[in-house]
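Subject: Structure handover, aromatic rings

Hi,

Here is the structure I promised to pass on. Please open it and keep it beside this email while you read.

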Amino acid sequence: MKLKKLREQINHIDDKLLKLLQERAELSKQVGSLKADMGSEIHVPHREYEIITRIKKENFGIYPEDAIEKIWAEIFSASRDAQIPKNRIAFLGPPGSFGHTASRSFFGPKAEMIPIIPQTDIFTEVETERTDFGVVAIENSVYGTVRDVLERFLHTRLNICAEIYQPIRHNLISKYPLSKIERVYSHRQPFAQCRIWLNKFLKSVEQIEVVSTSDAAQRAADEPNSAAIASSLASEIYEVPIIADSIMDEPDNTTRFFVIGNQRVGKSGNDCTSIFFAIKDKIGALYEILEVLDKHQLNLSYIESLPSRTKPWEYIFFADIDGHIDDENMRLALESLDDMCRNVKILGSYPRGVK
């Protein structure tokens, strides 16, 4: 009887949750109407960041934080659907890639996901408004900066609207047990990243390189006695079960993605501003830039140089600075940099992603 009573209480709470979600959806519709009247953007990443941060502070440790993030990601996605038709999101395809995983984790499963190859063409899809947002990989914790994407930011009017830190979890997927596997498919990078596990458990099994982990998952779905190294999303899409999870050698391997779009993002309270700057050719030029940031108490969290392509041995710098463009110290620092540098390009201010 006690079990029955507890289940009845859970049912009652579920009913209340559903009613509250419906009330929230109705309020979201009203917000969407007001935004449409004002010509405002529907998707506001900094507002979603504020909500998640506040909810986490209200959590007393009973419910896992990662579960809270996933639940509210679904709520945000449903709220956006209540306001406008589905967001169209361009990502590096094919379906089941880690770019797809990052896009779905940020925008929710109801967004319309559009696979694009190569990755730099994602910029064009958003620039021409064939899609609302794009998700591009900018940096990997093991392999460093994605240079072609970084360079593409030099030639776009798009803004960085958000960042996503996506853990890279390689899984062995197959319809067969380990003892029956005769070949493993994957991209060359996952093979390199899973070398220790493969040598231990599938040393004598043939390894066949293909163009992507999604292609590998498709082959594992179609061919007998085959397996693939792929993401959990690829396992889901191609209906091939995971028979060994997290087989990568580097457990902390993470890729940083940027969400790119036409909108400017407001302050969240925990923001980053990304810029390009080209220094003048003189002794101590870079040191002077760092002095300006120090003077205005700004933390330079990342810096990367790349050739300017206009003059041999001349470089431009990509930098992440903690803070928002609307912060007074950031505004004053960028004004100083604009006077000191040959060129300064602001790529956007956006909420910090969760690492």
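One definition before the findings: a residue is buried under 20% relative accessible area, exposed over 50%, and partly exposed in between (1.4 Å probe, protein chains only).

This is a predicted model, so local features need pLDDT of at least 70, side-chain atom pairs count only at pLDDT 80 or more, and totals for chains, interfaces and linings use all residues. Residues are numbered from 1 along each chain as its sequence is written, and side-chain values use heavy atoms, with hydrogens and water left out.

I looked at ring pairs. Rings of Phe, Tyr and Trp (its six-membered ring) pair if their centres lie within 6.5 Å; planes under 30 degrees apart are stacked, over 60 edge-to-face, and the rest tilted. The structure has nine aromatic pairs.

Take W197 and F201. Their ring centres are 4.8 Å apart and their planes meet at 35°, so this pair is tilted. Both sit in helix 8 (residues 195–201), four residues apart, about one turn of the helix. Helices (H or I, at least four residues) and strands (E, at least two) are DSSP runs, numbered from the N terminus. W197 is buried because its relative accessibility is 15%. F201 has 41%, so it counts as partly exposed.

Next, F277 and F317. This pair is stacked, with 5.3 Å centre to centre and 15° between the planes. It links distant parts of the chain. F277 is in strand 12 (residues 271–278) and F317 in strand 14 (residues 315–322), 40 residues apart. F277 is buried, at 3% relative accessibility. F317 is buried too, at 12%.

Last, a cluster: ring pairs link F123, F153, F258 and Y350.

Best wishes
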